[in-house]
Amino acid sequence: MKSPVYFADLRAGPNQNLIGKLKALLDAVGLAEKFKKGAFVAVKLHFGEAGNTAYIRPVFIRKIVDHIKEAGGRPFLTDANTLYVGSRRDSVDHLITAIQNGFTYAVVDAPLIIADGLRGGNETAVKVDLKRFKRVYIGSEIVRADALVSAAHFKGHELSGFGGTIKNLGMGCASRKGKLAQHSTVSPKVKRKKCEGCGECVEYCAQQAISLVDEKARIDPKKCVGCGECIIVCPNQAIQIQWDQAIPAFLENMVEYTAGVLKGKNGAATFLNFITQVSPACDCYPHNDTPIVNDIGIVASNDPVAIDQASADLVNQAQGRKDSCLTKNFQSGKDKFRALYPNVDWEIQLEYAERIGLGTRAYELEAI
Ligand code: SF4
Ligand code: SF4
């Protein structure tokens, strides 16, 4: 059976602006019927790295907040801290970045709560019993929320081909330990040249997995549990992730994490993709290059697989922009993501998500 994916293009006029069209999408997916009065509703989005401007505009998020409040819910905006060292690596920097990017209370009318706490250790192990993971580690406040709205900026991505709903959930909701588990099967490593032997990581590691040998930090992989916290503690960025996961394994890992995020949220999750400013790479970079296609619209669905399939198809059906970094596949129908990242088979995430029962790739696009 095909899943409905509701589509709003970006045409607007005196009788309906884009905020009104977003409301029509929220009505179409029945967001207001998915939670009880007083329920906590997590709105999961990416607040944008400092310097990036491609993330979803706060005024759209305000509309989602208004909609939830009108239905009696208690919305909060959320994301989990990043694995790498950047402007969203802990809750303090993350909230400052979000506010500087416009997600202030005055604009969005909802509190911001970082799902995995101050340093990314506030996580809940969710049992999934799937091929690659028995348990996944998710930011606790997302697990504790009664309902979930995923508002994803749809764009290209260097590891997954594109980043949409599945990426916003599977990677975006994972705690630092969960993110590390998706990227790597091994402990972080110390770059000896950068290490000054200050010992901060030694004191910080709760597993006593780090020691100083010849005034340089050394990680004992037998003791390390892969929490990733030493990566952000080191003032010299000497501790680094070992990116050892091949792309197909990484994509399956991300999908299994998505299953963990959605566990217990049956009938209580809503998915939105903003196919606007479709930049070639992740919003985690402190910049965003020229979009690869013109803005397309906003889609909403109750199926996380169908919405990503439909969004990828909409981008690939569009004309590629010659003023972007695309070098081929400009024509309508040609694969823009493969042109950007020839070694990434983005379809794996959709195939695997369908196989484990997260949704279907078959969809019906319904224009609102
Ligand atoms: S915190 Fe960084 S610089 Fe200090 S000992 Fe650890 S790895 Fe070396
Ligand atoms: S990843 Fe966690 S457990 Fe492993 S060395 Fe770093 S702080 Fe210790």
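Good morning. I begin with strand 14: Ala269, Phe271, Asn273 and Ile275 point one way from this strand, Thr270, Leu272 and Phe274 point the other way, and all are buried. Buried here means that 20 or more other C-beta atoms, placed from the backbone, lie within 10 Å of the residue's own.

The model before you is predicted: local features need pLDDT of at least 70, side-chain atom pairs count only at pLDDT 80 or more, and totals for chains, interfaces and linings use all residues. Residues are numbered from 1 along each chain as its sequence is written, while chains are lettered from A and ligands numbered from 1 in the order in which they are written.

To return to strand 14, which covers residues 269–275: seven of its seven residues are buried, so the strand is largely enclosed by the rest of the structure.

Which strands pair with strand 14? Strand 7, residues 147–153, runs parallel to strand 14 and is joined to it by six bridges. Strand 15, residues 297–301, pairs with strand 14 in the antiparallel sense over five bridges. Pairing requires that DSSP finds at least two bridges between the strands.

At one end of the order, strand 1 (residues 3–8) pairs with strand 16 in the parallel sense over five bridges. There, serine 3 has tyrosine 363 of strand 16 as its bridge partner.

Finally, a pair of helices. The axes of helix 1 (residues 18–28) and helix 2 (residues 58–70) come within 10 Å and cross at roughly 40°. Such axes are lines fitted to C-alpha atoms, for helices over the stretch in contact, with angles from 0 to 180 degrees between N-to-C directions. Helix 1 contributes Ile19, Leu22, Lys23 and Leu26 to the contact, and helix 2 contributes Val59, Phe60, Lys63, Ile64 and His67; contact means C-beta atoms, placed from the backbone, within 7 Å. Thank you.

Notes
Helices (H or I, at least four residues) and strands (E, at least two) are DSSP runs, numbered from the N terminus. Two residues are in contact if their C-beta atoms, placed from the backbone, lie within 7 Å. A residue is buried if 20 or more other C-beta atoms lie within 10 Å of its own, exposed if 12 or fewer, and partly exposed in between; C-beta atoms are placed from the backbone.
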